[in-house]
Amino acid sequence: GKDAQRLGDGAKAMSYFEQAVGAATADGDSGSAARAHGAAGRLLLSVGQGSQAVERLGQAVAADPTYSAGHLNLAHAHLTNGDHRRGQIASSSTRVR
């Protein structure tokens, strides 16, 4: 998915991320599911779809609450959307590993 995103094919990238979420969820791999949700959320944020990015990044941290990058990206998405309170809450959930 990241290669497609790098080449500017957001739709193809999102398709790959969706497949990765499905496969990881089916395998019970919450860490991989979280990272795939996170990649999809970052893609959405990069194309200006902030509300959808917040939703997807929220799914990432719900799948794996220890996913620090997910918390940081969720905080960034909230701040980008102008929701500073939720941005602060999300950033305070980040754990340095």
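Modeller: Happy to! Let's begin with histidine 78, which is found in helix α5 (residues 68-80). Helices here are DSSP runs of H or I with at least four residues, and strands are runs of E with at least two, numbered from the N terminus.

A word on the source: this is a predicted model, where local features need pLDDT of at least 70, side-chain atom pairs count only at pLDDT 80 or more, and totals for chains, interfaces and linings use all residues. Residues are numbered from 1 along each chain as its sequence is written, and side-chain values use heavy atoms, leaving out hydrogens and water.

Back to our residue. Histidine 78 has 9% relative accessibility, so it counts as buried. Buried means under 20% relative accessible area, exposed means over 50%, and partly exposed lies in between, using a 1.4 Å probe and protein chains only. Apart from neighbours within four places in sequence, histidine 78 is in contact with Val54, Asp83, Arg86, Gly87 and Ala90; contact means heavy atoms within 4.5 Å.

Now look at helix α6 (residues 84-92), which packs against α5 at an angle of about 170°, with the axes 7 Å apart. Axes are lines fitted to C-alpha atoms, for helices over the stretch in contact, and angles run from 0 to 180 degrees between N-to-C directions. The two helices are therefore roughly antiparallel, a label for angles over 145 degrees. On the α5 side, the meeting residues are His71, Leu74, Ala75, His78 and Leu79, and they face His84, Arg86, Gly87, Ala90 and Ser91 in α6. By class, this contact has four nonpolar, five polar and one charged residues. Ala, Val, Leu, Ile, Met, Phe, Trp, Tyr, Cys and Pro count as nonpolar, Asp, Glu, Lys and Arg as charged, and the others, Gly among them, as polar.

Alanine 34 is 7.8 Å from alanine 62, C-alpha to C-alpha, although they are 28 residues apart in sequence. Alanine 62 lies in helix α4 (residues 50-63) and, at 60% relative accessibility, counts as exposed.

Finally, step back to the whole chain: it has six helices and zero strands, and buried residues make up 38% of its 97 residues.

Terms used:
Parallel < 35°, antiparallel > 145°, perpendicular 65-115°, else oblique.
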